[in-house]
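Biologist: I would like to learn how to read an interface in a model. Could you walk me through one?

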Amino acid sequence: MQSKVLTTCEFCGCGCNFYLGVEDNSLTAVYPATSHPVSQGRLCVKGWMGHDYVNSYERLKTPLIKERGKFREASWDEAYKLIADKIQQTKSQYGSDSIAVFSSAKCTNEENYLLQKFARAVIGTNNVDHCARLCHASTVLGLSQTFGSGAMTNAIGEIGKAEVIFIIGSNTSEQHPLVASQIVAAVKKGAKLVVADPREIQLAKVATLYISQKPGTDVALINGMLNVIIAEDLLDKEFISQRTEGYDELKELVAGFTPEKTSEITGIPADKIIEAARIYAKGQASTIIYSMGITQHTTGVDNVISCANLAMLTGNVGKESTGVNPLRGQNNVQGACDMGALPNVYSGYQAVTNEELRQKFEKAWGVKLPAEVGVTVTDAINKIESKDIRTIYIMGENPIISDPDSNHTEQALKSLDFLAVQDIFLTETAKLADVVLPGVSFAEKNGTFTSTERKVQRVRKAIEPVGLSRPDWKIITELAAFLGYKMEYDSPSDIMDEIAKFTPSYGGISYDRLEEGGLCWPCPSADHPGTPYLHKEQFARPGGKGKFFAVPYRAPAELPDDEYPLTLTTGRIAFHWHTGTMTRKSWTLDREYPNGYVEINNNDAAKLGIRNKAMVKVTSRRGEITLQAKAVNTIQEGLLFIPFHFAEAAANKLTANNLDPVAKIPEYKVCAVKLEGV
Amino acid sequence: MIENIYVPHLMTITKIRDEAENVKTFTLEFKDSQIGKNFDYKPGQFGEVTLFNIGEAPISITSSPANKGYLELSVANVGKVTSALHQKNEGDVIGFRGPYGNGFPFEEVSGKNILFVAGGIGLAPLRSLINQMFAERNKFGKISILYGCRIPNLLCFQNELDNWAKLENSEVLLTVDACPENDWKGNIGVVGSLLPNIDIDLENTVAFVCGPPVMIHFVILDLLKMGFSGDNIITTMERRMECGLGKCGHCNIGEKYVCKDGPVFSYQQLKELGENI
Amino acid sequence: MSATRIIDKKKLADFLETLSSDCEVIIPTVEDGNLLFSELGSSKLEDSFKGRPIVSPKEYLFPQKEKILAFDTTDKVNVDIKAYTNDKKRVIWGIRPCDLHGIKTLDAIYLSDFVDTYYQARRKNTIMMGLNCNEPCETCFCNSCQTGPFASEAYDVVFTDLGDKYLVKVGSDAGQEAVDKIPNLFAEATNDDEKKAGELEEKSKQSFQRKVDVDVAKQNLPESWDDALWAEESEMCILCGGCNFTCPTCHCFNIEDVQCGEKASIRMRYWDSCQLGGFTQMAAENTRENQAARLRQRIFHKYIYTPDKYDGAIGCTGCGRCIEVCPVNIDITHILGRVASK
């Protein structure tokens with residue numbers, strides 16, 4: 001007999017809902033939820049066909065302990081005891097801050113909440129972070145500074161009703177297919193679409209205007225648009241005067257970004273810059289959609305601020321179907337941030353440096369808490385070499401493949417005193433661990449994910465954990481017990497009650513309410529309906545005003561030169577997820593893209609004598625990989641694109657660990673490489 | 001109990017021969033000799049070969065039905081299943097179901113001169129037909145075999161090519177695209193370049209063409225230019241297949257399933273189907 | 001067959017529960033606003049509902065994922081091969097006429113030439129009880145495909161919702177046997193009942209929002225082979241496969257051997273989509289390299305190849321699911337409209 005369990009998709013931030021068909025503790029079918037406002041009975045290929053990994057034979061089924069370089073099976077208690085001893089030892093010898101904890105945007109809110117609590121209350125460090133550092137750290141900072149809240153300002157469903165959509169640095173159809181669905185619907189209804197991307201993405205085919213900026217010149221492009229808007233008096237003066245501050249400084253700075261000057265920097269013809277500015281500014285409901293193309297730069301925060309500047313200058317924020325909408329990558333990256341799996345904040349972005357807030361959590365958790373901001377994922381890796389970080393606990397992340405400069409990451413992790421990894425597969429990172437704990441997939445546990453539109457939705461257990469694996473939230477509580485700290489929860493619902501109690505923006509959220517459907521935060525009280533769009537009356541900043549920041553243009557950190565004459569940009573494709581741990585074990589997805597490839601412009605390929613589908617070697621200052629060339633006419637000349645899913649042709653062997661100075665996000669979108677035939 | 005059309009029979013690998021670079025020929029016998037006794041097939045048919053715990057792939061039969069009691073498969077190592085097969089040893093067991101497909105016309109072309117044009121591993125299915133024709137030699141006129149490969153190391157069935165050349169009223173012409181080692185004394189050029197070297201009675205000749213899709217494409221153009229009619233050009237189609245039974249849909253072209261209605265088609269039929277070779 | 005009957009709406013549950021004593025009974029049910037097929041007992045019978053579940057009932061005959069064989073090579077020479085069987089008896093109630101027709105199409109494909117072992121086992125153990133559509137959905141166009149809104153064939157029993165009761169027509173011996181299990185639940189239909197059903201059918205036929213001139217479209221399709229419309233209509237496809245997965249007549253599958261033990265694997269077959277590039281990918285080349293060719297294949301397969309191969313009936317039932325499920329609004333009625341107007 002088959003049962004059907006309604007749940008939230010485990011891949012991207014769209015937050016689609018579907019039913020999983022279950023027979024004999026296996027997932028055997030998928031049924032899209034027709035009543036769900038984002039899914040509407042639709043799914044992308046991952047939603048339909050991406051769940052085979054759950055029942056894969058390769059799943060970790062028992063804890064593993066490494067002895068003399070080899071793993072052996074171990075009991076849970078043995079594994080817990082070893083980890084607890086090592087943590088205790090590191091703590092007493094080198095202090096709590098020599099330990100770092102990586103949380104996971106794949107795991108539930110409850111698990112992220114518990115893991116940051118574990119880091120702070122049990123280990124005593126704020127060294128907790130997760131892969132948001134690698135995707136939207138710049139958003140969290142950039143939008144907090146300008147608007148006061150680092151999240152999508154609007155709900156996904158509102159995009160379908162926008163008048164103008166400006167997509168910059170998001171290949172939406174591949175990364176957020178069900179958001180692209182809204183965009184296509186809006187365009188069919190007559191909305192104008194402007195796409196700015198170095199690659200002519202699929203949505204460019206239906207765009208009113210497609211512009212192709214050089215990678216890393218987004219600040220200049222937007223400053224140029226601001227210049228036109230001011231010059232042609234297309235700005236919203238009332239909005240600027242009543243709801244914002246800092247306009248004069250902005251005006252002064254962007255005066256230098258004439259269309260001609262901007263054209264020189266970005267490579268976009270001046271008249272197209274003017275046209276883009278006009279289309280955006282003249283829309284009554286203009287919405288900006290961006291993603292990693294904006295955030296993954298050494299100027300990531302500046303890029304985000306520029307988007308906010310554009311929205312505020314034209315009054316396109318604080319209303320339905322307008323705003324600034326960063327599309328969050330992971331199913332629960334929004335939630336992992338919300339839950340405080342970040343080195344500077346507790347859940348709900350409550351600063352660890354704020355004494356009052358810290359005392360609140362000290363009282364709640366019954367321990368003294370550290371007051372200094374912790375280290376980020378990217379800094380933690382760098383601090384291993386200097387022995388400032390000696391032990392790392394990783395839940396559900398695979399930094400060797402996902403972090404920049406893989407060779408460096410691998411060397412660093414190898415030189416740790418102790419590494420524990422909690423995952424569902426023996427990933428490239430787990431292989432380096434001293435202890436591996438088998439966690440479970442989204443189908444084997446209860447919890448919640450928060451989608452990119454800030455919507456908290458239920459994840460429901462469909463099957464029993466495979467082998468001896470245990471739900472990740474359970475693992476954290478049990479490990480805490482071995483370290484002498486009691487975390488007692490009967491179920492994830494209890495954890496959510498604690499979250500709600502100490503997190504104002506989640507204050508009104510409970511499992512009972514979520515049975516009726518998802519809730520968008522802020523949802524401060526049990527009778528609050530949730531908030532589909534932000535900043536309606538005032539911004540979330542102290543004082544309630546939005547703030548313009550004048551940001552000068554800075555070039556990317558590593559530009560092409562004679563030795564490495566091409567620019568490399570990296571990203572995802574629709575068929576795979578991140579490091580491929582899950583999707584490459586899902587039959588249809590693996591069949592579609594079994595191997596990595598590098599996209600190259602036809603003309604460049606011809607110049608280099610490279611045939612389509614030929615094997616090529618791509619080299620940067622940090623490493624080299626060999627993979628198949630895919631010659632296309634949809635990428636700029638001089639630019640290469642490599643999806644980063646494939647460990648055997650890992651794009652991140654090439655990328656550089658050049659970080660945004662504030663957000664510490666690596667510049668995945670620009671590095672210098674060369675390409676040759678093999 | 002109805003017969004389950006998806007269950008493979010067990011076959012033992014009794015002999016493995018290195019055929020050419022990256023190509024091996026496997027001799028197989030049914031473990032259940034009763035099945036072996038009843039097993040019959042036509043040249044041009046294929047089987048779905050299972051490498052247990054790896055997967056299944058369609059592979060054409062290269063032995064001739066004239067030889068009873070065993071099957072031969074010549075396989076290039078190109079994918080997951082074929083590479084697993086290449087790692088097998090004599091005595092190992094694999095799965096086989098078939099024969100599938102329509103096979104080459106035989107009686108229909110009796111009385112005709114036969115022209116074979118093969119490229120690379122494409123000689124494998126034709127070899128089955130060639131040997132059957134030589135077994136019933138008096139039914140056919142002149143038999144010409146034109147065979148080409150990229151480089152000499154890829155030439156399959158070299159002993160047999162020599163033998164066929166020696167038989168009465170037959171000729172064998174070989175060519176390679178290139179010869180890096182420089183030890184090749186024969187023709188250099190694509191297989192189509194051999195065509196002008198032979199006398200062909202257009203009215204009375206049927207051409208069988210088999211090889212990589214690009215090669216088939218150009219040879220057919222050559223034959224048409226020479227004046228062959230579409231009905232007298234017989235070729236095989238390669239398509240992705242899963243079931244071999246006309247159910248899984250991968251090899252669908254028009255109202256045909258290549259696995260069941262093909263893989264052998266005349267050029268005339270192909271033209272009507274619409275899709276490319 | 002016997003005369004037309006009626007059953008009181010309240011007694012339908014009794015009827016289905018009686019049937020469920022020796023088989024699984026599947027019914028459409030609404031959960032959290034989603035219409036799904038579900039097992040009677042774990043879910044409640046709806047008093048009335050509009051439309052059809054987004055995934056068609058074909059999955060009870062041809063599941064999304066199905067174990068077909070198990071291999072164990074512990075003994076290298078005497079490899080153990082086990083074939084899975086499924087002879088569970090099942091009644092599916094509430095199948096819309098489009099989906100009844102879909103199963104008829106699948107029968108033609110799976111039960112001809114080589115008879116598909118797994119489909120046949122499920123099919124012969126399944127009793128199909130239809131439910132006519134009084135109210136088509138926005139995406140429905142079964143009327144144009146002549147498969148609905150009221151069923152004229154391919155059912156064991158078919159029900160028509162007359163408000164407080166159903167009109168019941170029997171279409172096969174198996175259907176008759178089912179109805180005869182509790183004859184006292186049924187009464188003879190009156191002329192008024194039949195007349196009312198006729199009026200409902202007429203009203204339903206008048207309320208379609210979509211219409212396709214199937215004959216003209218079919219006639220024009222071959223000429224459209226090289227038309228730009230295929231590239232235009234497919235340019236936003238995001239390759240989700242949903243149109244195939246929800247289609248009641250799509251029958252394509254892939255086969256994968258999945259490891260389940262150190263020396264054991266299970267051969268699975270699972271739904272595949274001709275809209276995906278990998279569907280036709282071979283070692284070196286792909287015979288349908290672009291999306292235009294793949295979209296054309298989907299439409300030609302339904303409207304040309306299937307009728308050519310199997311008795312002239314098109315392979316599209318007009319259920320409208322491929323329209324509803326498409327994230328980028330690729331619309332088969334729009335495409336056929338373009339073809340028909342050439």
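Biologist: What is the area buried between chain B and chain C?

Modeller: Keep in mind that this is a predicted model. The size of an interface is often given as the accessible area lost when the parts come together. Here chain B and chain C bury about 3,800 Å², with carbon and sulfur atoms giving 55% of that area. On the chain B side, Y6(B), N53(B) and K247(B) lose the most area to chain C, together 19% of what that side buries.

Biologist: How many salt bridges does the rule find across the interface of chain B and chain C?

Modeller: The rule finds four. One pair joined by a salt bridge is K76(C) and D92(B), at 3.5 Å from N to O. The side of chain B that touches chain C has 17 nonpolar, 10 polar and 14 charged residues.

Biologist: Now for an interface inside one chain. Which residues supply 29% of the area that domain 2 of chain A buries against domain 4 of chain A?

Modeller: Let's begin with the total: these two domains of chain A bury about 1,800 Å² between them, 59% of it from carbon and sulfur atoms. I401(A), P404(A) and D405(A) supply that 29% of the domain 2 side, more than any other three residues.

Biologist: And what about salt bridges and polar contacts there?

Modeller: Between domain 2 and domain 4 of chain A the rule finds zero salt bridges, but 11 residue pairs in polar contact, both at pLDDT 80 or more. The domain 2 side of this contact divides into five nonpolar, nine polar and six charged residues.

Terms used. Residues numbered from 1 in each chain as written. Chains lettered and ligands numbered in written order. Predicted model: local features only at pLDDT ≥ 70, side-chain atom pairs only at ≥ 80, totals over all residues. Heavy atoms only, no water. Buried area = accessible area lost by both parts, 1.4 Å probe. Salt bridge = Lys/Arg side-chain N within 4 Å of Asp/Glu carboxyl O. Nonpolar A, V, L, I, M, F, W, Y, C, P; charged D, E, K, R; others polar. Polar contact = N/O pair within 3.5 Å; in protein donor to acceptor, adjacent residues only side chain to side chain.
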